[in-house]
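The entries follow the order in which I looked things up.

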Amino acid sequence: MKKKIAVVIVTFNGENWIKKNLSSLLNSNYPIDIIIVDNASTDETINIIKEFSAIELIQNKSNLGFGKANNIGIDIAIKKGADAIFLLNQDTWIFENTISNLAEVLFENSNFGIVSPMHYSADETTLDENFNTYFNRFNKQEDSESLRSVPFINAAAWLVSKKCFSKTGYFDPIFSHYGEDRNYCERVKFHGFKIGVVKNAAICHDRIVQLNFNKIELQSRYLILNQMINCNNSLFTSIFLGFKSVLGLSKFHYSNQGGLKTISLFFKLLLYYFNLLLNIRMIFKIRMNSIKGINGVLPL
């Protein structure tokens, strides 16, 4: 008997992608349940979803962000007996054997908590730009014909075991959008699980990565926060690495962007860092929750 897999998709104004996403899932050769958590879409997303039968739809009254909305879907899936949850972005689609190939690897390798497929762009041929960076940057010593062990992969398509969620917890609700997947990967590693990319499984991710200064600042803040709450390091090491990130991120963006905005970014990040230090009790509590594996267990 095949183990039970639930797919959890968070939607927000996804009318351009959701029909193709759901159609591809319904063509999967592995039986799945589909749970959609909508973050108060204002376009035709809900009407499109309702064209499909046998899909559980949760409609939030407001936009809870990526992590909190996923927590709701994950919690429902586990309570309904899912052995693993496939977290999938709304702007992706899969192939017939994507989930079955992921499941084969995950269920045969209990030391892996997360497995992800190869991420291709919308042309179905070129690797997604960000994924290509993650996939090829890391040491390939733990590489096999079918699986590459990596320290991080973005959460566009994660198959996560129930055991991993039970031990690690869910997404930390301190993150609204950006940063929650990096934080979760660090916690997964702390709790003794590995993260892998399955080479014979694939998705397509229809996105164009665009940076603006507000996004740069927000992502930089979350990178610093991730350093401060990373339970793989001691608190003192994390404090040092947080400050080092302030300097490193400012230098990186100045070398790439230049201008007065990047100079102001340094002072904004420095102020953010000192505010985190002033809230060191909160940082300590988050770190302890990470160690205990209780982050975000209850949907918020």
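**Entry 1: terms and ground rules.** I began with burial: a residue is buried under 20% relative accessible area, exposed over 50%, and partly exposed in between, with a 1.4 Å probe and protein chains only. Helices (H or I, at least four residues) and strands (E, at least two) are DSSP runs, numbered from the N terminus. I noted that the model is predicted, that local features need pLDDT of at least 70 and side-chain atom pairs pLDDT 80 or more, and that totals for chains, interfaces and linings use all residues. Residues are numbered from 1 along each chain as its sequence is written, and side-chain values use heavy atoms, with hydrogens and water left out.

**Entry 2: helix α7.** I looked up which residues of α7 are buried, and found Glu-180, Asp-181, Asn-183, Tyr-184, Cys-185, Arg-187 and Val-188. After α7 comes Gly-192, with a positive phi near 90°. I also checked His-191, which sits in the loop between α7 (180-190) and β9 (194-205). Leaving out residues up to four places away in sequence, His-191 touches Lys-167, Thr-168, Ser-290, Ile-291, Lys-292 and Gly-293.

**Entry 3: the whole chain.** I counted 11 helices and 9 strands in the secondary structure. Of the 300 residues, 50% count as buried. Along the principal axes, the C-alpha atoms fill a box of roughly 50 × 40 × 35 Å. A compact globule with 300 residues would have a value near 19 Å, and the chain agrees because its own value is 19 Å. Among contacts between residues at least 6 apart in sequence, 76% join residues at least 24 apart.

**Entry 4: nonpolar cores.** By a nonpolar core I mean a set of buried Ala, Val, Leu, Ile, Met, Phe, Trp, Tyr and Cys residues joined through side-chain atoms within 4.5 Å. The largest one has 36 residues, and those with the most contacts inside it are Ile-74, Ile-85, Leu-87, Ile-153, Trp-158, Phe-165 and Tyr-184. Helix α3 (residues 66-79) gives the most to this core, with 7 residues. Another core lies apart from it, with 30 residues, including Ile-5, Ile-18, Leu-147 and Leu-159. I followed up Leu-87: not counting residues up to four places away in sequence, Leu-87 touches Val-8, Asn-70, Ile-74, Ala-155, Ala-156, Ala-157, Trp-158, Phe-165 and Phe-171.

**Entry 5: helix pairs.** Two packed helices are described by the angle between their axes and the distance between the axes. The axes are lines fitted to C-alpha atoms, for helices over the stretch in contact, and angles run from 0 to 180 degrees between N-to-C directions. Under 35 degrees counts as roughly parallel, over 145 as roughly antiparallel, 65 to 115 as roughly perpendicular and the rest as oblique.

I found α9 (residues 235-256) and α10 (residues 259-278) packed at about 170°, with axes 9 Å apart. The pair is therefore roughly antiparallel. Among the contact residues are Phe-243 and Leu-247 of α9 and Phe-266 and Leu-270 of α10.

Leu-276, Leu-277 and Leu-278 of α10 meet Ile-280, Met-282 and Ile-283 of α11.

**Entry 6: loop residues.** Asn-13 is not a glycine but has a positive phi of about 50°. Asn-13 lies in the loop between β1 (5-11) and α1 (18-26) and is partly exposed at 26% relative accessibility. Ala-54, also not a glycine, has a positive phi near 60°. The loop that holds Ala-54 runs between α2 (45-49) and β3 (55-59), and Ala-54 is exposed at 76%.

Last, I checked Glu-96, in the loop between β5 (92-94) and α4 (98-108). Glu-96 is exposed, with a relative accessible area of 52%. Glu-96 and Ala-201 are 105 residues apart in sequence and 9.6 Å apart in space, C-alpha to C-alpha.

Conventions. Contact = heavy atoms within 4.5 Å. Rg over C-alpha atoms; globule rule 2.2 N^0.38 Å.
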